[in-house]
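The following note sets out numbered points for a colleague who wishes to read this model closely. Please keep the sequence and the structure in view while going through them.

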Amino acid sequence: MDHAMHHHTGDAPGATWSMAIRATLHCLLGCAVGEILGMAIGTALLWGNVPTMVLAIGLAFVFGYSFTLFAVVRAGVSPKAAVKIALAADTVSIAVMELVDNAIIALTPGAMDAQLSEGLFWYALLGGFAVAFLVTTPVNKWMIGRGKGHAVVHAHHAHH
């Protein structure tokens, strides 16, 4: 029966754009919080660009995962299972988002050296997230349609 799904009989039930957008926004929020926090800490400690970026990306993953973790644990899943679900649901999403966002920041002239108080830094960051959102949403939709990623999360709190 599973093989029938491969013959493009449309998306699997539940892989709606609104679900993909929700999943992406969830991830984007976590990434944004982590990244801005990382940039702020790195800047405050007068770190260079590379350690600051590493911290920001690390925190983006931490916050991106934690938002999903809380949602799944709240739905009654054990923390151990929730970690597996969050890793499965968000790794691709966060990786794509961070890749796109940081590439845009890196490619925006002067953005790497812009300070948190400068408009350029925020324009590059928000512009990066806007593009990352547009790139990541179809990825999430495709993954949910294949029963991966956030489909796993939604399976656990579909009736809440």
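1. Overall pattern. Along the sequence, the protein reads α-α-α-α-α. Its secondary structure amounts to five helices and zero strands. The model is a predicted one, and every remark below should be read with that in mind.

2. Burial and contact range. The protein has 160 residues, of which 39% count as buried.

3. The largest nonpolar core. This core contains 22 residues. C31, M39, M97, I105 and F129 are the residues with the most contacts inside it. Four helices, α1 (17-44), α2 (49-74), α3 (79-107) and α4 (119-145), each contribute at least two residues to this core. Its largest share, six residues, is supplied by α4. As general background, nonpolar side chains in soluble globular proteins tend to be buried together.

4. A further core. Another core, of five residues, lies apart from the largest one. Its members include A15, M19, A20 and A23.

5. The surroundings of M97. Which residues does M97 touch, if those up to four places away in sequence are not counted? They are T24, C27, L28, C31, F129, A132, F133 and T136. M97 is also one of the residues with the most contacts inside the largest nonpolar core.

6. T24 in helix α1. T24 is located in helix α1. It is classed as buried because its relative accessibility is 0%, where the limit is under 20%. Leaving aside residues up to four places away in sequence, T24 touches M97, F133, T136, T137 and N140.

7. The cysteines C27 and C31. How many disulfides does a search of the whole structure find? The search returns zero. C31, in turn, takes part in no disulfide, and its nearest cysteine sulfur is that of C27, 3.9 Å away. C27 counts as buried, with a relative accessibility of 1%. C31 is likewise buried, and its relative accessible area is 0%.

8. Packing of α1 and α2. In general, two packed helices are described by the angle between their axes and the distance between the axes. For α1 and α2, the axes come within 7 Å and cross at roughly 145 degrees. This crossing of α1 and α2 is right-handed. The residues of the contact between α1 and α2 comprise 14 nonpolar, nine polar and one charged.

9. The loop between α1 and α2. L46 is placed in the loop between α1 and α2. Although L46 is not a glycine, it has a positive phi of about 60 degrees. Is L46 buried or exposed? It counts as exposed, at 74% relative accessibility, because the limit for that class is over 50%. A reader inspecting the backbone may wish to look at L46 for its positive phi.

10. Packing of α3 and α4. The axes of α3 and α4 are 8 Å apart, and the two helices pack at an angle of about 150 degrees. The crossing in which α3 passes α4 is right-handed. In the contact of α3 with α4, 17 residues are nonpolar, five are polar and two are charged.

11. L99 in helix α3. L99 is found in helix α3. At 65% relative accessibility, L99 counts as exposed. L99 and A132 are separated by 33 residues in sequence, while their C-alpha atoms are 8.1 Å apart in space. A132 is also among the residues that M97 touches.

12. G147 and A15. G147 lies in the loop that joins α4 to α5 (150-156). Its relative accessibility is 45%, and G147 therefore counts as partly exposed, which is the class between 20% and 50%. How far apart in space are G147 and A15, C-alpha to C-alpha? The distance is 8.6 Å, although the two residues are 132 residues apart in sequence. A15 belongs to the core of five residues described in point 4.

Technical notes
Residues are numbered from 1 along each chain as its sequence is written. This is a predicted model: local features need pLDDT of at least 70, side-chain atom pairs count only at pLDDT 80 or more; totals for chains, interfaces and linings use all residues. Side-chain values use heavy atoms; hydrogens and water are left out. A nonpolar core is a set of buried Ala, Val, Leu, Ile, Met, Phe, Trp, Tyr and Cys residues joined through side-chain atoms within 4.5 Å. Buried means under 20% relative accessible area, exposed over 50%, partly exposed in between (1.4 Å probe, protein chains only). Contact means heavy atoms within 4.5 Å. Axes are lines fitted to C-alpha atoms, for helices over the stretch in contact, and angles run from 0 to 180 degrees between N-to-C directions. A crossing is left-handed if the near helix is turned anticlockwise from the far one by less than a right angle, and right-handed if clockwise. Ala, Val, Leu, Ile, Met, Phe, Trp, Tyr, Cys and Pro count as nonpolar, Asp, Glu, Lys and Arg as charged, and the others, Gly among them, as polar. A disulfide is a pair of cysteine sulfur atoms within 2.5 Å.
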